[in-house]
Amino acid sequence: MPITRTKPATRSYLRRIALVVALVSAGCAAASKYYDPEKPNRTPSGFRNTAPQEPRASLLKWQWERLTQGLPKAPANNYKFPMATPEIAWLQANQSVASVTWISHATALLQISGMNVITDPIFSGRASPFSFVGPLRKVPLNITPEQLPHIDVVVISHNHYDHLDQASVEQLNRQPGGPPLFLVPLGVKEWMAGVGITNVREMDWWDKTSAGKLDISFVPAQHWSARSLTDRSETLWGGWVIKTADGAPHPFSVFFAGDTGYSKDFQDIGRKFGSFDFALIPIGAYAPRWFMQGQHVDPEQAVQIHKDVHAKRSIGIHWGTFELADEPLDEPPQLLAEAVKKAGLPAQEFTVLKHGETVKLD
């Protein structure tokens, strides 16, 4: 077979193409604008957890199991969960009593030193970018955004649709009296600007900021982020520490874990902050463990987090609203009660609330 020789002009052209490909490849390798060689969680390809990343489990295998096994099963109460009667008038008037109101899922209203803080607000009927498909709200919302007191601060743990809901943050941004301050992980500020929300501060792990009478810190969690098929880990994730400022006449502190698997991060948080008066810790979306282990704690691990951060009292969140995993929606509180008993803790030290229920904590 004759050998075809490449002409010099052609070789020059190919070398230029190779150089462009190399430069593009190098650019892709350092694509993250948040890359910082001094910070292990900020890699060239995006953000990462403090613990080594586990290989991704098979989403197709999980979905096939759900389909063939008919999962998740309906709860024994057929989604008729007991509902609290929200104390709307009291919440709107309260300026002095520390309180926590579980609205649903990971959404809670915190009232501390006259400040109103809401966590991961989602008031929509689906945790989805679409109105016609995606996890459907299984328990009706019994506190609407219009019934809330004026919100001073919104904290967002990460950008998944069940924690960063566009319609909900847009509505809070339009609240009478002016928008709240939105505190978000690195990378989410740009998304916020894209939907017209500008009163935003973005934070890295262990960053601290002040908002009115509160000091608020962003802390690590074991999770990931994405809002599409192509942006995995391009924005950060984490939890929040919300405390009265130094010298407050009535010191109070809350830990909001966001959405997380178990890691040593919680021991680090406990060592740094000492203890918490109250903690909001996820207890749902844990089954099957082979798929959810790296991203969602089960109730027994939630109890370990409670102990790691030295919380005086905790409530379980991230359950009873959207079917995100394979366990029945009423199972997490049952397993939590068993785990609390197994750990030798008083039953009321870590429990759950009814949807819309308020705990007054002074």
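Predicted model: local features only at pLDDT ≥ 70, side-chain atom pairs only at ≥ 80, totals over all residues.
**Before you start**

Residues are numbered from 1 along each chain as its sequence is written.

**Stop 1: the whole protein**

Show the cartoon. The protein has 9 helices and 16 strands. Both are DSSP runs numbered from the N terminus: helices are H or I with at least four residues, strands are E with at least two.

Turn to the C-alpha atoms. They fill a box of roughly 90 × 50 × 40 Å along the principal axes.

Of the contacts with a separation of 6 or more, 69% join residues 24 or more positions apart. Contact means heavy atoms within 4.5 Å.

**Stop 2: surface and charge**

The accessible area comes to about 17000 Å², and carbon and sulfur atoms hold 56% of it. Areas come from the Shrake-Rupley method with a 1.4 Å probe. Buried residues make up 52% of the 362; buried means under 20% relative accessible area, counting protein chains only.

Colour by charge. There are 36 positive and 35 negative side chains, with the centres of the two sets 8 Å apart. Lys and Arg count as positive, Asp and Glu as negative; His and the chain ends are not counted. Each charge is placed at NZ of Lys, CZ of Arg, CG of Asp or CD of Glu.

**Stop 3: Thr119**

Select Thr119 in strand β5, residues 115-119. Thr119 is buried, at 0% relative accessible area. What does its side chain reach at 2.9 Å? The backbone nitrogen of Ala108. A polar atom of the Thr119 side chain also lies 2.8 Å from the backbone oxygen of Ala106.

Now show its contacts beyond four places in sequence. They include Leu110, Val155, Phe256 and Leu280.

**Stop 4: Thr43**

Move to Thr43 in strand β1, residues 42-43. Buried or exposed? Thr43 is buried, with a relative accessible area of 19%. Its side chain reaches the backbone oxygen of Gly46 at 2.5 Å. Beyond four places in sequence, Thr43 contacts Ser32, Tyr35 and Arg48.

Methods: Heavy atoms only, no water. Buried < 20%, exposed > 50% of the residue type's maximum accessible area, 1.4 Å probe, protein only. Polar contact = N/O pair within 3.5 Å; in protein donor to acceptor, adjacent residues only side chain to side chain.
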